[in-house]
Amino acid sequence: MVHVPTAPALVLAVVLSISSVAALNPITIKGTKFFDSVTKDQFFIKGVAYQPRAVAGTDPLSKPSDCIRDFALMKELGLNTIRVYQVDPTLNHNDCMKALEDAGMYLMLDLAVTQYSIIRDNPEYDTDIWNNVRSTVDAFKGYSNTLGFFAGNEVTNNKDTTVASAYAKALVRDVKRYISSSASRKIPVGYANNDDPDTRVQIQDYLNCGADYERVDFFGINLYEWCGAGTTYQTSGYADRTKDIASYSIPVFLSEFGCNLVAPRTFPEVQSIFGPDMTGAWSGGIVYEWSQEDINYGLVKINPDNTVTPLPDYNNLKTLLAPLQPTGVNMDSFNEQRPASTCPPNTPTWKPSTILPPTPSTDVCNCMMSSLSCVATDAVSTDSLGAQMNTICGMTSCSDIGTNGESGVYGKYSFCTPSQKLSYMYNYYHTNVGKGDATSCDFNAGLQQHQSRHRNGTTAHYSSNFNSLRITSTILTSSSETLHQ
């Protein structure tokens, strides 16, 4: 059993052992391949998914001692990339990103987090999501070893959630534009897809069709078809997926791999991923995952004393992966350029429009809020927002806040937060249906009388006969602000 201590003296020794590595050159894309922007050598991703959940906090790149401990072991595997699914952009990542660079590794970073993400069953793309994404890009765009950003991961995962792909593509567009306007270099933006047979090819084509600024720069596939030593390149489905990308115009790699139906894993697939079977079409892969969690994909176990024990999967992967050094082409001699994909037609099982949702604007939403005279109060809970929105949208048109990724029709305030949209609808009803009458801003549903505040500090009591549910609103008087369109 091997433990990697985190005592200061030993941490220093690990740092010294890897700090002689030269600063990493940014990775760039030409055609279907990644290249080192300075040496011009082709770059193959040899990566691992890195998101330990056993310790407090959700940002593994904010814990320097853990990074140093883990990156040293990753280096022994011959890895050059980690994929991190969630970070906190308000924390400091300098030490971990430096430790990653010293270990000779790059970062592929997912931009969505649990509380700010596109929900596949009821997709929306609002200012909360966009503001958090921009903050995350800002936190990592300055590191030379930031290889790329994932704008989405399995947002559409079957034929019933295809509309969500319009929202994922809108986020791709906005991240690319933001990087272009704010970063010192072009950082690739891509997407990680699942392996659903009903949608995998359509998503692949949809995210690579249309104008350049809305197409992904790379495409990842989370592929778990190769299970155990009895499977081969041909029988696993890997050969079929290679055919799927034969004419694709951008780099493709395995954004996750490592089926665990046969344990311990022996990873025979790496010889194909990084060998002649696949290196002509693919750009490497990312094994799932570093730490042992409830779903049993771990290469190592993080112990209660914060030491690490390599598991059989780690040793098996090391035996096969570490010696593999795929060779490719030189960037200057590689001139193959393929056309972008054709957008897939809409069918009963593929519904997203090519007309994408608008870029969310906090300024527009704040300006809208400043113009309202009837707004939702703080008494409206987050849990009840959806039900309350359904109630008021049953009373009047909600087209101004509506969003429809199938028809490509989006209201002018479709990207505002749920509470802002509820306030807009309260005010719309109050102004257009209630004609400004004070009682039309008291959405109390007849359950109990409550107060509405005026801007001049007085209070008024109203009651309502809507036979639905309790909704709380406030009248704001003396408003002279105009609505900015």
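Entry 1. I began with the torsion about the S-S bond of Cys365 and Cys416, which is about -95°, so this disulfide is left-handed. I count a disulfide when a pair of cysteine sulfur atoms lies within 2.5 Å. Here the S to S distance is 2.1 Å. Cys365 sits in helix α11 (residues 362-370) and Cys416 in the loop between β16 (409-410) and α13 (418-433), so the pair ties together parts 51 residues apart in sequence. Helices (H or I, at least four residues) and strands (E, at least two) are DSSP runs, numbered from the N terminus.

Entry 2. Notes on the source. This is a predicted model, in which local features need pLDDT of at least 70 and side-chain atom pairs count only at pLDDT 80 or more, while totals for chains, interfaces and linings use all residues. Residues are numbered from 1 along each chain as its sequence is written, and side-chain values use heavy atoms, with hydrogens and water left out.

Entry 3. Buried means under 20% relative accessible area, exposed over 50%, and partly exposed in between, with a 1.4 Å probe and protein chains only.

Entry 4. What about Cys367, how far is its sulfur from the closest cysteine sulfur? I read 10.0 Å, to Cys365, which is too far for a bond. Cys367 is buried, with a relative accessible area of 8%.

Entry 5. I moved to Cys374 and Cys441, whose sulfur atoms are 1.9 Å apart in a disulfide. The angle about their S-S bond is 95°, and the link is right-handed. It connects distant parts of the chain: Cys374 is in strand β14 (residues 374-376) and Cys441 in the loop between α13 and β17 (450-453), 67 residues apart. Both Cys374 and Cys441 are buried.

Entry 6. Cys227 and Cys259 form another disulfide, with 2.0 Å between the sulfur atoms. I noted 100° about the S-S bond, a right-handed link. Cys227 lies in the loop between β9 (218-223) and α7 (233-236), and Cys259 in the loop between β10 (252-257) and α9 (270-273), so parts 32 residues apart in sequence are tied together. Cys259 counts as buried at 8% relative accessibility.

Entry 7. With bonded cysteines counted along the chain, the pattern is 1-2, 3-6, 4-5, 7-11, 8-12, 9-10.

Entry 8. Next I took helix α2 (residues 64-77) against helix α3 (residues 94-102). Their axes come within 8 Å and cross at roughly 15°. That makes α2 roughly parallel to α3, a label for angles under 35 degrees. The axes are lines fitted to C-alpha atoms over the stretch in contact, and angles run from 0 to 180 degrees between N-to-C directions. In α2, Pro64, Cys67, Ile68 and Phe71 meet Asp95, Cys96, Ala99 and Leu100 of α3, where contact means heavy atoms within 4.5 Å. By class, I find seven nonpolar, no polar and one charged residues in this contact. Nonpolar covers Ala, Val, Leu, Ile, Met, Phe, Trp, Tyr, Cys and Pro, charged covers Asp, Glu, Lys and Arg, and the others, Gly among them, are polar.

Entry 9. Last, I noted the totals. The protein has 13 helices and 19 strands, and of its 485 residues 54% count as buried. Of the contacts with a separation of 6 or more, 75% come from residues 24 or more positions apart.

Methods:
Parallel < 35°, antiparallel > 145°, perpendicular 65-115°, else oblique.
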